[in-house]
Each structure stands twice: as C-alpha cells, then as structure tokens.
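Welcome! Try each task yourself before reading its solution.

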Amino acid sequence: MIPVSIQMRQALGKLVLPLLVLLSIGIIIAGQADRKLADQARMTVADGLAPLWGLMTSAQHRVQAINTNLREAGRMASENARLQTENENLRRWYDVAVSLTRENDALKTALHWIPEPTPAFVTGRVVADSGGIYARAVLLVAGTESGVHVGNVALAANGLAGRVTETGARSARILLITDIASRLPVMLDASHATAIMGGDNTPLPRLMYYAQDTRPIEGERVVTSDQAGAFPAGLPIGTVHYLHPGQPVVVPFAQLDHLSLLRVFDFGQALIDPPDAPGHVPLAHPRKTLTLPLKTLLGQG
Amino acid sequence: MMPDPSMSAWEPEIRPRQTVWQRLDHGARRLLPSIFIALIIVFFSAPLNIPGAAELLPAIVIATIFFWSFWRPTGMSGVAVFLLGLFMDLVGFTPLGVSAFILLLVHGVAFYSRFGLMRLNFLLVWGVFALVTTGACLLQWGLACLFRLDMLDIAPALFEALLSIGVYPPLSALFSWVLQKLDEKEDP
C-alpha cells in the first residue's frame with residue numbers, strides 16, 4: 001500500500017473518473033487517426049478469444065444436435081406407431097391376398113385355364129426427343145437390337161407411358177399417351193365400361209366415347225382395354241378426374257413430363273394369329289395387321 | 001503530536017490482517033460484476049447466431065454497470081468500467097474507445113447520484129435508468145454518425161435503448177439477490 005493521506009486518496013479517487021474519460025476520448029481519436037493499429041489490436045484480442053469462441057460454438061452445435069436428435073426420436077416414435085398399425089393392417093391384407101391367390105389358382109385349375117405367357121421386357125434410358133412428327137414423344141436408348149418392336153408397350157415405374165412407333169437399331173421412339181395423335185381404348189375399372197382416351201398435348205388426356213349410362217366416376221382407376229388388340233387388358237393408366245362437369249380427363253400414374261427410365265414390354269400380341277375365318281372381312285387396315293394383329297386369344301374373336 | 005496519517009500505521013489496529021483466503025474472497029467479490037460483464041461480452045460476441053445479439057450486449061452491459069455503480073461502487077470501479085469498455089470495443093466492431101467513453105459516462109452519472117438514487121423506490125430508479133440509457137444510446141448513435149460523416153438509421157439505437165430498459169428489471173432482481181447473498185456471508 002502506498003502511503004498517501006486520506007485527503008490525497010479522496011482527491012485522487014475523484015480525479016480517476018475524469019482522467020479515464022479523457023483517456024477514452026484520447027483512445028477514440030488515436031483509433032481514428034491510426035486505424036491500422038486499432039485493427040491490429042482487435043485482431044490480437046480476437047486471436048486470443050478464438051479458442052473460447054470455438055468451444056462455445058461447438059457446445060452450441062452439440063446442444064442443437066441433441067435437440068434435433070430428441071425431436072427426431074419423438075417423430076420416429078409416432079412414425080413407428082403409425083407403421084405398426086399400418087403393418088397390422090397390411091398383414092391382414094396379406095392373408096386376404098394369399099387366400100385369394102389360392103382360391104384363384106383353384107378356380108383356374110378347375111377351369112383348365114391356359115396361362116398367359118410372361119411378357120419379355122427391356123429397360124432403356126429415355127433421352128430427350130426433339131425431332132419426330134409427334135409433339136409428345138420420347139426417344140429410348142434401346143432398339144431392335146435389344147428386341148424392341150413397333151407396337152410394344154412402354155411402361156413407366158407405375159403406369160402406362162406410351163407405345164413404340166418407330167424403331168432404329170439402337171433407339172426407339174415412343175409415342176406418349178398425352179400426344180394428340182394418341183387414341184387408346186381404355187376400360188374404367190369400377191364399371192368395366194369402355195371408353196377412348198385421347199391425348200391433346202396437355203398433361204391430362206381426355207376420356208371420350210364412354211357410354212352415357214356408365215359415366216366415369218371421379219377418382220376411378222383407368223386401365224387399358226384389349227379391344228382392338230393393341231394392348232393387353234388391365235395395364236394401369238391413371239385415375240379419372242373432372243376438370244369441368246362433363247369433361248372427364250385421366251390423371252396418368254406415370255410422371256410423363258420427366259421420364260428417365262422406361263420398360264418396353266413385348267406382350268407377344270403379334271404372335272397371336274387368328275385362325276382363318278372364311279368370309280371374315282378384317283376391319284383394320286391390311287398393312288397394320290402385319291405389325292399389329294388386332295385379335296387376342298381372349299378377345300371377341 | 002499528529003497521528004501518523006499513513007495507512008500502514010492505521011490498518012493493523014483497526015482489523016486483523018487478512019489471510020490469503022480472505023483476500024482472495026474479497027477480490028472475487030469485488031471482481032464479480034466485472035467478470036460477469038466480461039463473460040457476457042465474450043458470450044455475445046461468439047458467432048452463435050443469437051437474434052439481436054448486437055443490441056442485447058450493450059443493453060445488458062449498460063444495465064449492469066448502472067446497477068453496480070450506484071448500488072455497490074466498490075464492485076464496479078471506474079478503471080474496471082474503462083477496461084470493460086475497451087474490451088467491448090476490441091471484441092466488437094465499434095470504433096475503439098467509444099464504448100469505454102459511453103460506459104464511463106453512465107458509470108459517472110450513476111456514481112455521483114448514488115446517494116439520491118438509493119433513496120428512490122425501484123420504479124423511479126428504473127425511470128432514471130431509462131433516461132440515462134436512452135441518452136447513452138443516442139450518444140453512441142451520434143458518435144457513429146460523426147465518424148461516418150453520414151446520418152445513420154436511428155432505429156437500432158432506439159431498439160438498443162428499449163432492450164436495455166426492458167432488461168434492467170430482471171438483471172436488477174438478479175443482482176439484488178446476489179448482493180443479499182454476499183452481505184449475508186459478510187456479516188452472518
């Protein structure tokens with residue numbers, strides 16, 4: 001302790017504050033005059049504190065990670081409960097499916113059912129198609145060398161995409177169901193009524209020529225029909241949707257605006273030759289019958 | 001004969017010499033508010049993405065310095081305020097010395113009016129603090145304008161003042177509690 005008198009100490013104590021204020025003003029002026037020095041001092045302090053800040057941010061990150069994990073765990077618990085109920089439900093459906101399959105098999109055996117041939121298919125990558133006469137068509141990197149033929153059916157992951165109209169050695173052009181040139185015979189799944197699905201270059205092809213007493217129902221599934229023999233029956237296409245009253249369209253299952261892979265199925269329709277019927281006049285164009293024989297074994301004959 | 005005015009002659013008779021532990025204890029008590037502010041400065045200048053951290057830091061610091069300066073000046077000396085302000089300037093991006101200057105002014109106002117302030121009830125003290133902090137924020141804004149030679153937006157300064165006014169009651173409650181605890185320990 002420095003020996004100073006009480007009066008002196010009090011006087012000094014009163015002087016400290018004004019002196020410090022003056023000193024801070026001096027520092028302000030000095031800092032403005034020599035910015036480089038000020039920045040250097042700042043950087044030195046920041047360097048010293050950097051490990052501390054690093055520690056704090058890492059702690060914060062860890063807390064955030066724990067928080068997200070906890071929230072994730074809660075979400076997973078609810079998801080798990082949902083999945084368990086769904087699984088229970090599905091197990092019931094599995095039993096139903098198994099029993100139905102057995103029943104189906106039994107019925108088929110009883111009827112001496114002729115099994116359908118398993119269709120052969122090739123999968124190809126879709127490349128953009130700029131040429132061609134169609135507005136909605138894609139080019140597939142798979143051609144006659146891979147066994148793709150005109151008239152084959154192209155399926156996307158979950159629905160019908162189109163059919164092969166031209167083939168090269170290594171590529172095939174596929175006319176999509178949304179093209180204005182596309183007219184397909186379809187069947188409404190609930191009523192088994194037939195209709196024609198005609199593309200109009202929009203993403204939603206229209207339904208036409210349905211029977212007036214069995215109108216398409218909103219949300220009804222639309223599948224292919226084997227009328228005219230171009231398609232096997234029952235390939236899923238999409239669901240019915242009414243844009244306006246009296247204007248049903250089909251919302252395709254396949255995402256036709258960004259196709260990446262397509263499976264091209266050869267259902268072997270071309271191999272089915274109808275037996276000669278004397279006096280039968282073929283309705284279709286004779287050249288077309290060569291490529292697309294219009295009868296199936298199960299068709300109307 | 002005049003008594004020897006030097007402290008070395010006075011102190012031993014008045015109280016027993018402090019042990020090392022007692023000295024440390026006293027020192028820690030004195031430094032407690034300063035350490036609190038230093039930690040607050042380090043915490044808020046860390047890149048933690050706290051919303052409003054830039055305004056909250058000076059608000060808390062001003063409130064803390066005001067409280068301790070008038071309530072317990074031994075815990076918040078002028079030198080400590082100066083060093084803390086300088087530290088804040090070095091860590092933050094204010095011009096060097098500005099925070100030290102403003103905090104010293106706040107400290108000075110609280111320190112010299114402490115005998116008046118101590119007699120007032122809490123709401124009046126809060127009102128005085130509101131005036132002081134608004135003045136401090138406006139001064140900071142004025143200095144920033146002066147250094148930039150441009151009129152800056154005044155909204156952040158007012159926001160800072162409002163935050164400071166809002167943050168004062170909880171901090172004051174906390175510090176009162178701390179003071180009570182310290183005093184209890186001092187004379188049981």
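**Exercise 1.** Over the ring of which residue does the charged end of Arg114(B) sit?

*Solution.* Keep in mind that this is a predicted model. Start at Arg114(B) and follow its side chain to the charged end, which sits over the ring of Phe111(B). The distance to the centre of that ring is 4.3 Å.

**Exercise 2.** Find out how the rings of Phe122(B) and Tyr168(B) are arranged, and where the two residues lie in the chain.

*Solution.* Step one: the ring centres are 6.1 Å apart. Step two: the planes make an angle of 5 degrees, and planes under 30 degrees apart count as stacked, so this pair is stacked.
Step three: Phe122(B) belongs to helix α7 (residues 122-148) of chain B, while Tyr168(B) belongs to helix α8 (residues 155-186) of chain B. The pair therefore links distant parts of the chain, 46 residues apart.
Step four: look at accessibility. Tyr168(B) has a relative accessible area of 1%, so this residue is buried. Phe122(B), at 37%, counts as partly exposed.
Step five: widen the view. Over all chains, the count of aromatic pairs comes to 17.

**Exercise 3.** Which residues touch the most other members of the largest nonpolar core?

*Solution.* This core has 59 residues, and Val61(B), Phe66(B) and Tyr168(B) touch the most other members. Next, ask which elements contribute: α1 (6-33) and α2 (35-111) of chain A are among those giving two or more residues, as are α7 and α8 of chain B. The most comes from α3(B), with 12 residues.
Now return to Tyr168(B): leaving aside neighbours within four places in sequence, its contacts include Ala63(B), Phe66(B), Phe70(B) and Val125(B).

**Exercise 4.** How many residues of chain A are in contact with chain B, and what area is buried between the chains?

*Solution.* Count the contacts: 24 residues of chain A meet 31 residues of chain B. The buried area is about 2500 Å², and carbon and sulfur atoms give 79% of that area. On the chain A side, Leu17(A), Arg42(A) and Trp53(A) lose the most area to chain B, together 25% of what that side buries.

**Exercise 5.** Are Cys137(B) and Cys145(B) buried or exposed, and how many disulfides does a search find?

*Solution.* Cys137(B) has a relative accessible area of 2%, so this cysteine is buried. Cys145(B), at 9%, is buried too. A search of the whole structure finds zero disulfides over all chains.

Notes. Residues numbered from 1 in each chain as written. Chains lettered and ligands numbered in written order. Predicted model: local features only at pLDDT ≥ 70, side-chain atom pairs only at ≥ 80, totals over all residues. Heavy atoms only, no water. Disulfide = S-S within 2.5 Å. Buried < 20%, exposed > 50% of the residue type's maximum accessible area, 1.4 Å probe, protein only. Phe/Tyr/Trp six-rings, centres within 6.5 Å; stacked < 30°, edge-to-face > 60°. Helix = DSSP H or I, 4+ residues; strand = E, 2+ residues; numbered from the N terminus. Lys NZ or Arg CZ within 6 Å of the ring centre and 35° of its normal. Core = buried A, V, L, I, M, F, W, Y, C linked by side-chain atoms within 4.5 Å. Contact = heavy atoms within 4.5 Å. Buried area = accessible area lost by both parts, 1.4 Å probe.
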